[in-house]
Amino acid sequence: MYLEAFTSHFNSIADSRQSAKVTYPLHDVLFVTLCGVIAGAEGWSEIHYYAAGHHNWFKEKGILTEGVPVDDTIARIISRIEPEQFRLCFANWMRAVHEMSDGHLIAIDGKTLRASYNREDRRSTIHMVNAFACANKVVLGQVKTANKSNEITAIPALLQLLDIEGALVSIDAMGCQTEIARQIVEQGGDYLLAVKANQSSLHEAVVSAFSEARSNPLDGLVIEKNRGRIEARAYYVIPANQLQDYFPKWMKLNTLGMCLSYRYTKGKEAELTYRYYISSATLDEQQLANSVRGHWGIENSLHWVLDVSMKEDSCQIYQHHGAENWAMLRQISLNMLRAEPSKGSIPAKQKRAWMKPEYLESVLLAGLQLDEF
C-alpha cells in the first residue's frame, strides 16, 4: 500500500530518458534510492549495495525485476531529475500528510551544503533554504539558491510552495523585506521578522521605541546555568501603533518585540545583546519568547541533525542536480524516520532500516501516513 501512496505523491516527475533505452523505471530507482537514504546510505555505491542486499525483498514488491542497477546508473537517473518537479512533489506530499494548526510556527532559514561544490569551482557550493514546522519537527519544503545573499529571492519561491494559512512564519534579518511580509499576509499567515541594520530606518525606530524598556529595571528575567555558562533572557512587546504611519509598506504591522540576552561563560567576557522583531500577529511576551526560541530550534532540530546524524556536510555528490535532489531525499527520509514511533535516535533507526526490511516498511507506512488514503 505504501508503494501506491509513494506513486501518488511522486508520479508526476518526468523521465527525460529515451523510452526505448529504459531498463530500470524511474519510479523503481527513485523508490530504491529513498529506501537507501532512509537506511543511512551516504552515496550512490551504498544505494547499489543496499538494493543488492535486499533485492529479493524489492522483487517481491515488483521493484527492480530486471536486476539491480550499478551505482553510475543510479547516479545518472537521480541526478537528472528536474529539482523543480521533485520540490513540488515534496511540498504537495507534505501538504497532504501534515496538518498545520492556527498559530503554529514555521521557521525559514538557510543552510549551505559544504561539499556540494563543483571540483573545478569551489565557489559553486549550493545553499538550501528550508521551511520547518517547529512544533512537529517536520520539513515542509526547500528551495536551492546560488548563495546566502540570494535567500531574498529564494524565500518567496519557497513560500509559494507552502500552505501557511493561520501559521506564524519566522525569518531572520535576511528575510526582513516588505514584499516577503506582504506575501506571507496575502497567503493567510503572519510574519515574525528579525530586524537589523539592513533595514536601517525601521531598525532605528524599533530601537527607539524600546528605549524606556531598556532603562527600566528588568522584569520577567529567565536565568539558566549550565556547565560554567550563565544565560539570562527577557522579552518585551509593545503595540506597533506609533510606527504604522511611518512604515505603511509593512503590511499589518502589529507588534514590536525585543529580546534582551545576557551571557557569561567562564574565562570569557560577558555579552549583553538586544534583538528586535516585528510581527503582524498580536503577541504577548510569552508568545514572543516561544516563537523566538522556536525559530532557533531549526538549527538544533534540523541543521544539526542533517550534519551530525545524516552527514550532509560530508556528502561529495555534486554533478548535475545530484546535490539538490539528494538534499531533498534526506529531508523526506528525516521526516519519515521521525514519524516512525519506535524509540531510538535517527542513526539507530537508520541502522535498523538497513538490516531489517520489515522495519523499513514501518518507516514508510508512518512517513506516508497511509491512514490518509
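1. A salt bridge is a side-chain nitrogen of Lys or Arg within 4 Å of a carboxyl oxygen of Asp or Glu. The model discussed here is predicted, and a search of the whole structure finds seven salt bridges. One of them joins the side chains of K61 and E361, with 2.8 Å from N to O. K61 sits in the loop between helix 4 (55-60) and helix 5 (71-79), while E361 belongs to helix 15 (residues 357-368), so this pair ties together parts that are 300 residues apart in sequence. K61 itself counts as partly exposed, at 29% relative accessibility.

2. A salt bridge also forms between the side chains of K111 and D307, again listed at 2.8 Å from N to O. This pair links distant parts of the chain, since K111 is in strand 1 and D307 in helix 12 (residues 285-308), 196 residues apart. Are the two partners buried or exposed? K111 has a relative accessible area of 7%, and because buried means under 20%, K111 is buried. D307 is at 27% relative accessibility and counts as partly exposed.

3. K349 and E340 form a further salt bridge, in which the closest N and O atoms are 3.8 Å apart. That value can be set against the cut-off of 4 Å. Here K349 is buried, with a relative accessible area of 5%, and E340 counts as buried at 7% relative accessibility.

4. E231, R233 and R263 should be read as a group, for salt bridges link them in a network. Side chains of opposite charge can pair when their charged atoms come close. R263 also has a place in the strand pairing: its bridge partner in strand 9 is E271.

5. Strand 7 (residues 229-239) and strand 8 (residues 255-265) run antiparallel and are joined by eleven bridges. Within this pairing, A234 stands opposite L260 of strand 8. Strand 8 also pairs with strand 9 (residues 271-279), in the antiparallel sense and over nine bridges. How many residues lie between strand 8 and strand 9 in their hairpin? There are five, and G267 in the turn has a positive phi of about 90 degrees. In a regular strand the side chains alternate between the two faces of the sheet.

6. A nonpolar patch on the surface is formed by I223, I230, Y262, Y264 and L272, which together have about 440 Å² of accessible area. I223 is placed in strand 6 (residues 222-226). With a relative accessible area of 53%, I223 is exposed, because exposed means over 50%.

7. Helix 7 (residues 151-161) has as its buried residues E151, A154, I155, L158, L159 and L161. Why do they count as one side of helix 7? They cover an arc of only 145 degrees around the axis, which puts them on the same side. The face turned away from this buried side carries the exposed residues T153 and Q160. Among the elements that cover the buried residues are helix 6 (83-97), strand 1 (105-112), strand 2 (127-133), strand 3 (138-145), strand 4 (168-171) and helix 8 (178-186).

8. Helix 3 (residues 44-53) can be described in a similar way. Its buried residues are W44, I47, H48, Y50 and A51. Their arc around the axis is only 165 degrees, so they lie on the same side of helix 3. Y49 and G53, on the other side, are exposed. The buried residues of helix 3 pack against helix 2 (26-38), helix 4, helix 5, helix 13 (322-339), helix 14 (346-355) and helix 15.

9. The last point returns to the loop between helix 4 and helix 5, where L64 lies. L64 is buried, with a relative accessible area of 3%. Which residues is L64 in contact with, leaving aside its neighbours within four places in sequence? They are D28, V32, A51, H55, K59 and P69. A51 is also one of the buried residues of helix 3. The C-alpha atoms of L64 and V29 are separated by 7.9 Å, and these two residues are 35 residues apart along the chain.

Methods:
Residues are numbered from 1 along each chain as its sequence is written. This is a predicted model: local features need pLDDT of at least 70, side-chain atom pairs count only at pLDDT 80 or more; totals for chains, interfaces and linings use all residues. Side-chain values use heavy atoms; hydrogens and water are left out. Patches are made of residues with over 30% relative accessible area and no salt bridge: like charges are joined within 9 Å, nonpolar side chains (Val, Leu, Ile, Met, Phe, Trp, Tyr) within 5 Å. Accessible areas come from the Shrake-Rupley method with a 1.4 Å probe; for residues, only the protein chains shown count as cover. Helices (H or I, at least four residues) and strands (E, at least two) are DSSP runs, numbered from the N terminus. Buried means under 20% relative accessible area, exposed over 50%, partly exposed in between (1.4 Å probe, protein chains only). Two strands pair if DSSP finds at least two bridges between them. The arc is that of the directions from the helix axis to the C-beta atoms. Contact means heavy atoms within 4.5 Å.
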